[in-house]
Amino acid sequence: MEKKKICVLFGGASSEHEVSLMSAASVLTHMPTEKYEPVMVGITKSGHWLRYAGPICALKDGSWEKHPSCTPAFLSPDPSVHGLVLLQDGKAEIVRVDAVFPVLHGRFGEDGTVQGLLEMAQIPYVGCGVLASAVCMDKIMADLVMDAAGIPRCEWDWMRCGEELEPEKLEERICQKLGYPVFVKPANAGSSVGITKAHNKAEFLQAVKLALSHDSRVLFERAVDGQEVECAVMGEGADTFATFPGEILASQEFYTYDDKYIRGESRVAIPANLSPEKLEEVRALAVRAYTTFACSGLARADFFVERSTGKVLLNELNTLPGFTDISMYPKLMLDTGMQYSELVDRLVQLAFERKGV
């Protein structure tokens, strides 16, 4: 049987560039080479696309960019090309691919932009479509959908750029509605980038400045005293399933970027330390949220289980969650008995099935 060519996109012009490199290295390491031929394409922080044919290990430290195999390339939106255009020595070469695995986190990768390009190119791809990717990435739009659908979440509010020019008025409004401590987040960012847990007015105003450095809109959330649990969800339609949730035992006051990817001091409990009934409740809500947002392929659903009330509150859906060695999505899937190579294979197969290939 002829191997399918799978273009693995990594890097990207987002604040989660380094996380993407680590995720892609894991995906490539575990891709079943008896079925698939990986075609590696890296995107630099400045947005430059490069076909890369060097060792996988060079992704993690970013040295892949300087490898002599790097060739300028781009993904063509023309369906007749169905793949990449390589630019070398004044000539263009077409590399046809069967599917794309966009191992990209954050803006220009997880927000529907790359997905839109792939739809135009009519190339099957792993993960959610344009609508689900865009809505889930934008925390404010996602919260509006949750409220409209009656999906439980914590109290929240938001602001657009310009409201910070009246800091006293803004702080008073948020303080009266949500109280302290309050989470301040950029509307479009992931991996806890630009997020602050503000405990007072001074921290709040500084947190708004930080969030605005990442986006033009800012989300505010009531701080929930609860267990942080996550479900891995996979599939589409009636075939969608969710794992039992795992629990984040953060080493910091909240689950920060450094804790997730640098120090790695947080621990996880799989399944989460919840009653069997509560585990099933979280799992069911994960599937409900996944289908409400029209997700397909995969997503990770993040929740709080409030200690004082036992309420299950959806925090967010990540349409392309981390795939690093310490990431929760693969950990949860592996806990079901699935091997990492099986996970990668199943996600690629779901991409083909969605396009009827």
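In which loop is the place of A294? A294 is placed in the loop between α8 and β16 (297-306), where helices (H or I, at least four residues) and strands (E, at least two) are DSSP runs, numbered from the N terminus. This is a predicted model, in which local features need pLDDT of at least 70, side-chain atom pairs count only at pLDDT 80 or more, and totals for chains, interfaces and linings use all residues. Residues are numbered from 1 along each chain as its sequence is written, and side-chain values use heavy atoms, with hydrogens and water left out.

**Backbone features**

- Most residues other than glycine have a negative phi, and most peptide bonds are trans.
- A294 has a positive phi, near 60°, and is a residue other than glycine.
- With a relative accessible area of 43%, A294 is partly exposed; buried means under 20% relative accessible area, exposed over 50%, and partly exposed in between (1.4 Å probe, protein chains only).
- F108, also a residue other than glycine, has a positive phi near 60°.
- F108 is found in the loop between β7 and α2 (113-121), and its relative accessibility of 48% makes it partly exposed.
- Y180 and P181 are joined by a cis peptide bond with omega of about -5°, and P181 belongs to the loop between α5 (167-178) and β9 (182-186).
- I270 and P271 are joined by a cis peptide bond, with omega of about -5°.
- P271 is in the loop between β15 (267-269) and α8.

**Aromatic pairs**

- Rings of Phe, Tyr and Trp (its six-membered ring) pair if their centres lie within 6.5 Å; planes under 30 degrees apart count as stacked, over 60 as edge-to-face and the rest as tilted.
- The count by this rule is six aromatic pairs.
- F10 and Y52 have ring centres 6.5 Å apart and planes at 80°, so this pair is edge-to-face.
- F10 is part of strand β1 (residues 4-11) and Y52 of strand β3 (residues 49-52), so their pair ties together parts that are 42 residues apart in sequence.
- F10 and Y52 are both buried.
- For F101 and F323, the ring centres are 6.2 Å apart and the planes are at 90°, so the pair is edge-to-face.
- F101 is in strand β7 (residues 99-102) and F323 in the loop between β17 (312-318) and α9 (328-335), so the pair ties together parts that are 222 residues apart in sequence.
- Both F101 and F323 are buried.
- One aromatic cluster is formed by F10, Y52 and W64.

**Charges over rings**

- A charge sits over a ring if NZ of Lys or CZ of Arg is within 6 Å of the ring centre and within 35 degrees of the ring normal.
- R283 lies over the face of F244, 4.2 Å from the ring centre.
- K185 lies over the face of F183, 5.8 Å from the ring centre.

**Helix packing**

- Axes are lines fitted to C-alpha atoms, for helices over the stretch in contact, and angles run from 0 to 180 degrees between N-to-C directions.
- Angles under 35 degrees count as roughly parallel, over 145 as roughly antiparallel, 65 to 115 as roughly perpendicular and the rest as oblique.
- α9 packs against helix α10 (residues 340-354) at an angle of about 105°, and their axes are 9 Å apart.
- α9 and α10 are therefore roughly perpendicular to each other.
- Their contact (heavy atoms within 4.5 Å) is made by Y329, P330, M333 and L334 of α9 and Y340, L343 and L347 of α10.
- The residues of the α9 contact with α10 are seven nonpolar, no polar and no charged; Ala, Val, Leu, Ile, Met, Phe, Trp, Tyr, Cys and Pro count as nonpolar, Asp, Glu, Lys and Arg as charged, and the others, Gly among them, as polar.
- α1 and α10 pack at about 100°, with axes 8 Å apart, and are therefore roughly perpendicular to each other.
- S26, V27 and H30 of α1 and Y340, S341 and V344 of α10 make this contact.
- The residues in the contact of α1 with α10 are three nonpolar, three polar and no charged.

**Two buried helix residues**

- S26 lies in helix α1 (residues 17-30) and is buried, at 3% relative accessible area.
- Apart from neighbours within four places in sequence, S26 is in contact with F323, T324, D325 and Y340.
- L285 lies in helix α8 (residues 276-292) and is buried, with a relative accessible area of 10%.
- Apart from neighbours within four places in sequence, L285 is in contact with I151, P152, F303 and V312.
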